[in-house]
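Hi,

Here is the structure I promised to pass on. Have a look at it first, and my notes follow below.

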Amino acid sequence: MSVALAILVSAVAMTVIVGVRYLVTSGGFALATRARHPGLYTGLDPQIRREIAWSLASAAIYGVPAGVVAWGWRTHGWTRIYDDVHAFPLWYLPVSVLLFLLAHDTWFYWTHRWMHRPGPFRIAHAVHHASRPPTAWAAMAFHPIEALTGAVAIPLLVFVIPIHVGALGLVLAIMTVMGVTNHMGWEVFPRFMWRGIVGRWLITASHHQRHHERYGCNYGLYFRFWDRLCGTDDGIGDFARAHANARRRGGIAGADAGRDADRRGAGR
Ligand SMILES: [Zn+2]
Ligand SMILES: [Zn+2]
């Protein structure tokens with residue numbers, strides 16, 4: 001197989017993996033939502049269709065750099081991914097996971113803040129904020145420009161931070177699950193994770209909900225560290241009010257209200 005074809009096959013395979021991973025994870029949590037909170041997504045069908053379409057487009061954008069790097073790793077030993085678990089001390093396994101999460105969180109915080117400047121917001125990030133309130137399907141509902149900023153983070157980090165292939169799998173699993181649950185509209189995690197001392201430093205759905213309510217705060221992904229340090233942490237959100245507002249707006253009227261909110265939200 002020619003090199004170009006091999007890279008293409010790897011990129012397509014990765015796109016399919018990311019797309020299926022999204023459908024399975026978001027679909028699973030959407031079913032859990034229907035079981036635990038029946039009617040929570042009532043009236044949001046047009047929004048959910050948009051969330052799925054944008055997310056599947058994002059899957060291709062995530063899949064291409066991941067596929068190229070995966071090909072380079074397998075065929076040329078690119079990256080610092082290792083598969084011999086004893087290549088580094090065992091204590092390094094959890095440390096490497098934490099390093100990846102901290103680095104990814106830092107990248108996300110600052111690119112996300114930049115995306116809230118009026119220009120980038122209008123051109124790109126408004127797509128993500130068109131979800132009001134977001135659902136389990138909104139995890140990858142990004143404009144292609146925003147998807148690109150997210151897609152390069154992990155493929156670049158694997159060149160810098162050594163990580164076991166299994167630990168990398170865990171990082172990707174955490175990224176996927178948190179992306180879905182943060183938008184789901186209710187807390188699936190135990191109370192200590194989003195209240196109390198632990199909750200003061202971890203981001204779960206309640207925290208990201210407030211970002212979708214108020215825009216100019218709570219930019220982080222996994223940890224509240226950057227938000228606290230930079231004074232952009234605004235506590236946790238109110239699921240009941242967000243869903244009551246969505247029901248009141250309903251359907252097409254919701255989309256109009258959304259565009260108004262976009263204009264208000266940009267740059268805050
Ligand atoms: Zn969001
Ligand atoms: Zn945002």
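How far does helix H1 reach from its first C-alpha to its last? Keep in mind that this is a predicted model. H1 takes in residues 3-36, 34 residues in total, and spans 49 Å, close to the 50 Å expected at 1.5 Å a residue.

Some of H1 is tucked away: its buried residues are Ser10, Ala11, Met14, Val18, Tyr22, Ser26 and Phe29. Among the elements covering them are helix H2 (45-76) and helix H7 (165-181). Val12, also in H1, is another story. Val12 has 14 C-beta neighbours inside 10 Å, so it counts as partly exposed; a residue needs 20 or more to be called buried. Val12 and Ala66 are 54 residues apart in sequence, yet their C-alpha atoms are 10.0 Å apart in space.

On the database side, an unreviewed UniProt entry gives the annotation "transmembrane region" to residues 6-31, 52-71 and 91-110. In the model, residues 6-31 are 100% helix and 0% strand, with the end C-alpha atoms 37 Å apart. Residues 52-71 are likewise 100% helix and 0% strand, and there the end C-alpha atoms are 28 Å apart.

Next, a helix pair. H2 packs against helix H5 (residues 144-151) at an angle of about 35°, with the axes 9 Å apart, and the crossing is right-handed. From H2, the residues involved are Ala57, Ser58, Ile61, Tyr62 and Pro65, and they meet Pro144, Ala147, Leu148 and Ala151 of H5. By type, that contact has eight nonpolar residues, one polar and no charged.

- Arg132 and Pro133 are joined by a cis peptide bond, with omega about -5°. Pro133 sits in the loop between helix H4 (118-129) and H5.
- Thr79 has a positive phi, near 75°, and is not a glycine. You'll find Thr79 in the loop between H2 and strand S1 (81-82). Thr79 counts as buried because it has 21 C-beta neighbours inside 10 Å.
- Tyr215 is not a glycine either, and its phi is positive at about 65°. Tyr215 is in the loop between helix H10 (205-214) and helix H11 (225-229). With 20 C-beta neighbours inside 10 Å, Tyr215 counts as buried too.

Cheers

Definitions and conventions: Residues are numbered from 1 along each chain as its sequence is written. Chains are lettered from A and ligands numbered from 1 in the order in which they are written. This is a predicted model: local features need pLDDT of at least 70, side-chain atom pairs count only at pLDDT 80 or more; totals for chains, interfaces and linings use all residues. Helices (H or I, at least four residues) and strands (E, at least two) are DSSP runs, numbered from the N terminus. The expected span of a helix is 1.5 Å times one less than its number of residues. A residue is buried if 20 or more other C-beta atoms lie within 10 Å of its own, exposed if 12 or fewer, and partly exposed in between; C-beta atoms are placed from the backbone. Two residues are in contact if their C-beta atoms, placed from the backbone, lie within 7 Å. UniProt positions are given in the numbering used here, feature names are shortened, and annotations may be inferred rather than shown by experiment. Axes are lines fitted to C-alpha atoms, for helices over the stretch in contact, and angles run from 0 to 180 degrees between N-to-C directions. A crossing is left-handed if the near helix is turned anticlockwise from the far one by less than a right angle, and right-handed if clockwise. Ala, Val, Leu, Ile, Met, Phe, Trp, Tyr, Cys and Pro count as nonpolar, Asp, Glu, Lys and Arg as charged, and the others, Gly among them, as polar.
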